[in-house]
Number of protein chains: 2
Amino acid sequence: MSTVIFTLRRHPEQDRPAIVLPLVRRTRDPFEGLWALPGGWLDAREGLDATASRTLAETTGLTPSYLEQLYAFGDVDRSPTRVVSIVYWALLRADEVDAQVAAHAADGDAPENVEWFAAAELPELAFDHNTIVDYALWRLRNKVGYSRIAHGLLPDEFTLADLREAYEAILGRRLDPANFRRQVEGSGTLIPTESFRTGSHRPARLYRYNQDVELADRGPLARLVQPAASAESR
Amino acid sequence: MSTVIFTLRRHPEQDRPAIVLPLVRRTRDPFEGLWALPGGWLDAREGLDATASRTLAETTGLTPSYLEQLYAFGDVDRSPTRVVSIVYWALLRADEVDAQVAAHAADGDAPENVEWFAAAELPELAFDHNTIVDYALWRLRNKVGYSRIAHGLLPDEFTLADLREAYEAILGRRLDPANFRRQVEGSGTLIPTESFRTGSHRPARLYRYNQDVELADRGPLARLVQPAASAESR
DNA sequence: ACAAAAGTGTTAGTCATACACCCATGT
DNA sequence: ACATGGGTGTATGACTAACACTTTTGT
């Protein structure tokens, strides 16, 4: 069981955010010393989703805003000892990650052997994890085109530019601000607030996500899959 | 490991084809007597795709024209003894199924405890298999909208009406023949032949699928997943 | 001749894209 | 004042859906 965890990070020198994900350095064979996806072993008394949530919390200390099964990998040659690995992928809100990282830095108890990498510039990973990340990114890119999933990367309140930059980071290309505004406003998923973000140039209106709308349509799986995210009802 | 196997069947009394799938009657607890998806156990020396192909062949005696992993189900309450089941779904060409069924009928060695059911009128199934079939149908419906997957249900040569009826069976609604023709002709996946199917009214041109085009874009998984269908290169 | 499916043409509506333009703010 | 991002307006082309129409066969 492994999880590809995505969030958005704004590099200090750059002005545009990028997709980043946490990796864990392996401390034993096989692939000792290489970076790998965080994961854990399936507990006999635990559902698959619950296991993914748990291992994710153990790595990042956070609850994902979105969690979905990616694929089950089980080729005989993917590891010296053939292992079937069920892989999930998740989105974390950028603000929660920042808060968590800051808290760790203050306490001096940053998790050992965990590091965040830009998804576009990954090193060689253990097992078939490079392929797995590629597939997760592909799924994310596809899904952003027909769902509201990008909101899973943003805080409660955000500007249209924030949202657009999230889309741009995922898709890897610039979007027309004017057209983007109309599309997203017409989708009925945004609730405008009366607040504005000031600081540079003309203030931008802050929006809030309409929690009545699911981030993604999971079809007949929706009633089966109940992530422990009852915290964010509405 | 289970597989949802779809094919198209034209009922004698009806003129339109419908989606059907084979089920196996359980001969032991749990759920003895109920119908269930065909499946088998994972072999230690076998990849997941290979296992799906094998169990599919054991049930139908056929090689699928399309095979894709559906989902890994592993809720603790899905079975008295909690089992993680990796489920695949597959498409079979209608003509191959007909030939196989006819051969069995002639030999009198029709497989025991296997029966084909219309996907729209399933009985109560064992485990969570009703949900699994619903999900497979949902995936099929979605996929038919952005891929050429419906060709996996058809023989080498087919008319546009055949193809349209396959789409209609999957989507559950009628399509405009004129618009359907233009869309599919413009997609570049069809090769017209010089043959026509006669028999009723004006003869219809037969087409052939362009094997250079994949039935569906599998993204970064494409190079990993190599179904043993090298028979149909070109 | 007529019914029915094969196949062509035409039109209206919707949507994505490009881009010109005005608005409001910090410097 | 002016640069810059916020926000509005508008034209164009692509694609979808609806449907009238012609063609070709079997009966």
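Start your tour by selecting Arg93(A) and Glu96(A): their side chains meet in a salt bridge, N to O at 3.9 Å. The term stands for a side-chain nitrogen of Lys or Arg within 4 Å of a carboxyl oxygen of Asp or Glu. Arg93(A) counts as buried at 18% relative accessibility, and Glu96(A) as partly exposed at 29%. Here buried means under 20% relative accessible area, exposed over 50%, and partly exposed in between (1.4 Å probe, protein chains only).

A word on what is on your screen: this is a predicted model, in which local features need pLDDT of at least 70 and side-chain atom pairs count only at pLDDT 80 or more, while totals for chains, interfaces and linings use all residues. Residues are numbered from 1 along each chain as its sequence is written, chains are lettered from A and ligands numbered from 1 in the order in which they are written, and side-chain values use heavy atoms, with hydrogens and water left out.

Side chains of opposite charge can pair when their charged atoms come close. Over all chains, the structure holds 32 salt bridges.

Next, select Glu165(B) and Arg10(B), a salt bridge with N to O at 2.4 Å. Glu165(B) sits in helix 4 (residues 160–171) of chain B and Arg10(B) in strand 1 (residues 2–10) of chain B, so this pair ties together parts that are 155 residues apart in sequence. Helices (H or I, at least four residues) and strands (E, at least two) are DSSP runs, numbered from the N terminus. Glu165(B) is buried, at 12% relative accessible area, whereas Arg10(B) is partly exposed, at 45%.

Arg197(B) is partly exposed at 36%; Asp162(B) is buried at 15%.

Then move to chain A, where salt bridges that share partners join Arg10(A), Arg16(A), Arg164(A), Glu165(A), Glu168(A) and Arg174(A) into one network.

**Two helices in chain A**

Select helix 4 (residues 160–171) and helix 5 (residues 177–186) of chain A: their axes come within 11 Å and cross at roughly 100°. Axes are lines fitted to C-alpha atoms, for helices over the stretch in contact, and angles run from 0 to 180 degrees between N-to-C directions. Helix 4 and helix 5 of chain A are therefore roughly perpendicular to each other, a label for 65 to 115 degrees.

To see the contact (heavy atoms within 4.5 Å), show Leu160(A), Leu163(A), Arg164(A) and Tyr167(A) of helix 4 of chain A, with Pro177(A), Phe180(A), Arg181(A) and Val184(A) of helix 5 of chain A.

**The sheet beside them**

Finish with the open sheet of 3 strands in chain A, which has the order 7-9-8 and antiparallel pairing. Strand 7 (157–159) and strand 8 of chain A stand at the edges with a single partner strand each, so one side of each is left without a neighbour in the sheet. Two strands pair if DSSP finds at least two bridges between them; strand 8 (residues 190–197) and strand 9 (residues 204–209) of chain A are joined by 5. Click on Arg197(A) and you will find Ala204(A) of strand 9 of chain A opposite. In the hairpin of strand 8 and strand 9 of chain A, with 6 residues between the strands, Gly199(A) takes a positive phi near 125°.

How values were computed. Angles under 35 degrees count as roughly parallel, over 145 as roughly antiparallel, 65 to 115 as roughly perpendicular and the rest as oblique.
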